[in-house]
Amino acid sequence: MQIHFDLNSLPQFNNAVITIGSFDGVHLGHKTLLDQVKAVASKHHGESIVITFDPHPRLVLEGQPKNFALLTNLDEKVSLLSKHGIDHLVIVPFTKEFSQLSATSYLHNFLLHYFKPTAIVVGYDHKYGTGRVGDFDLMRKELNPLGIEIIEIDPLLIEQIAISSSAIRRGLEEGKMRTVNEQLGYPFFIRGTVVKGDQIGRRLGFPTANLSLKDPYKAIPLNGIYAAKVKIDNTLYDGMAYIGHRPVVGNNLARVIEVNIFNFEVDLYDTEIDLQLIEFIRKDVPLSNLDELKNQLFKDKAEVIKFYSKTSNKTLYTTAVIVLNYNGLKHLKTYLPELIKYTQDADIIIADNGSTDDSVAFLQSEYPEIQLLLFDKNYGFCGGYNKAINLITQDLVLLLNSDVRVTSGWLEPLLERLLSNEQVAIVQPKVLNDIQKELFDYAGGAGGWIDDLGYPFCKGRIFDDIEKDEHQYDNAEQVFWASGAAMLIRRSLYIKAGGLEEGFLHIWKK
């Protein structure tokens, strides 16, 4: 996704399909809208563009609005939108002067002048121009004669987005993090810079990272203790967070947000981190002295650990299945439908390695909802995957050959295995031959080992002899290597290890 801050430096868009809105929270309702924009852009063979405003219009028009809080500040919003496969995000500076554009001037001197759209996707309640007098009917009347398609978002979706946003804010006020995170489609997070505190937590054996926030209007949940995750350089760490006024330390103190990261000793001062709030543990309570606080912190940590021991971590991580494609139209037609059907807990991404057949056109036409990474040339098997994984942000990545057929429930055991033990770096399923289904796959049916001479051998094949599947490898066990035909890995470890060795297989040919 390309991000633009200057209207006067915008590129010349190709068949622009635009939508306009605040997209606060970028929650599941917004995702449905964004998918619709991408589908329209695919239909027109154009580019999808989201237009949003900064600062929020209410801050300019009302000065200091009452009961105003944002689920996401600008940085957080940009980060979330970048995961949805939109081509361009345009951040328009909202000023008093801009707010005074008439409705027709907004349409002609703003939307038409800067974007030259082929289609505009908006809701029935979209208002614009001075006094917010512009509406859907005026937009259609002014722009339809110019050949611009005006698409009204389903009113039920607009209502769903509004209801979801209200429910999320209400859930934050009440500390109902499960409801909040389900509505968002991801863990609610607060992005901030670690600053030096009074170090009382360190003296009590619970050192904390104290967050300084950029945006004073960031929505903050109910005061109390939370089970939390801290994202640092794309790696997640368990911890417990505190939000409140520290009544045991003094009276009328400023509200703080701090987190104790479990088993973590690195100095984080001046580091920007994402604090994910997973579960509300208890409300803030007055305590008499530091000894009482220390005892309470031990109890809180025990409760957080108990929570994590009972909770599947599966929903706390984002997962991507990346299929590397090079002139693989036949494989896409054969295997992609089942991959989509049986993949519920991951984003499917096709990384196209400079195909010269009709693969890309097929995907854009038949599967516009699938995220597509387009490379300018064939970077080979290793280079293609390395390039793709550096472009995404998901926590877990599954590398899947384009000619592998998946079945119902194929991904869930892999996620459970990887997330149940932090010492596990990579897992792979059994891979059977797609034609002779009683045999293992030649490429490495169930992973394998390397002998003393450095020769790799696998479970399922010895030299050219392929084993018959008689359930001999149904139980999980440690292996030395996993097959790139289908393997799930922690993205942070993949990047830390330097990815696949590109010199090993320079160009992938078909």
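**Close-up views of a predicted model**

View 1. In total, two cavities of 30 Å³ or more are counted in the model.

**View 2. The second largest cavity has a volume of about 60 Å³.** The residues that line this cavity are Val323, His331, Leu332, Tyr335, Leu336, Leu339, Leu400, Asn401, Ser402 and Val404. Helix H11 (residues 329-342) supplies five of them, the largest share of the lining. Seven residues of the lining are nonpolar and three are polar, while no charged residue takes part.

**View 3. Strand E13 (residues 319-325) is largely enclosed by the rest of the structure, because seven of its seven residues are buried.** Both faces of E13 are covered, with Thr319, Val321, Val323 and Asn325 buried on one side, and Ala320, Ile322 and Leu324 buried on the other. Strand E16 (residues 396-400) pairs with E13 in the parallel sense over five bridges, and leucine 400 of E16 stands opposite valine 323. Both Val323 and Leu400 also belong to the lining of the second largest cavity. Strand E14 (residues 347-352) likewise pairs with E13 in the parallel sense, here over six bridges. Within E14, aspartate 352 is the bridge partner of asparagine 325.

**View 4. Six strands form a closed barrel in the order E7-E8-E11-E10-E9-E12, with antiparallel pairing.** From one strand to the next, the twist averages 45°. Strands E7 (residues 189-195) and E8 (residues 209-212) run antiparallel and are joined by three bridges; valine 194 has leucine 211 in E8 as its bridge partner. Helix H3 (residues 74-81) packs on the sheet, where it touches E7 and strand E12 (272-283), and the direction of H3 makes about 125° with that of E7. A further helix, H8 (residues 177-184), lies across strand E9 (224-232) and E12, and runs at about 135° to E12.

**View 5. Helix H5 (residues 103-115) carries a set of buried residues.** These are Ala103, Ser105, Tyr106, Leu107, Phe110, Leu111, Leu112 and Phe115. Just after H5, lysine 116 adopts a positive phi of about 45°.

**View 6. Isoleucine 495 lies in helix H15 (residues 491-496).** The relative accessible area of isoleucine 495 is 35%, so this residue is classed as partly exposed. Leaving aside residues up to four places away in sequence, isoleucine 495 touches Ile389 and Asn390. Isoleucine 389 and isoleucine 495 are 106 residues apart along the chain, and their C-alpha atoms are separated by 8.1 Å.

Conventions. Residues are numbered from 1 along each chain as its sequence is written. This is a predicted model: local features need pLDDT of at least 70, side-chain atom pairs count only at pLDDT 80 or more; totals for chains, interfaces and linings use all residues. Side-chain values use heavy atoms; hydrogens and water are left out. On a 1 Å grid over the protein atoms alone, a cavity is a set of points where a 1.4 Å probe fits but cannot get out, and a pocket is an open set with protein on both sides within 12 Å along at least five of seven lines; lining residues have an atom within 4 Å of a point. Grid points are joined across faces, edges and corners, and a volume is the space filled by probe spheres set on the points. Helices (H or I, at least four residues) and strands (E, at least two) are DSSP runs, numbered from the N terminus. Ala, Val, Leu, Ile, Met, Phe, Trp, Tyr, Cys and Pro count as nonpolar, Asp, Glu, Lys and Arg as charged, and the others, Gly among them, as polar. Two strands pair if DSSP finds at least two bridges between them. Axes are lines fitted to C-alpha atoms, for helices over the stretch in contact, and angles run from 0 to 180 degrees between N-to-C directions. Contact means heavy atoms within 4.5 Å. Buried means under 20% relative accessible area, exposed over 50%, partly exposed in between (1.4 Å probe, protein chains only).
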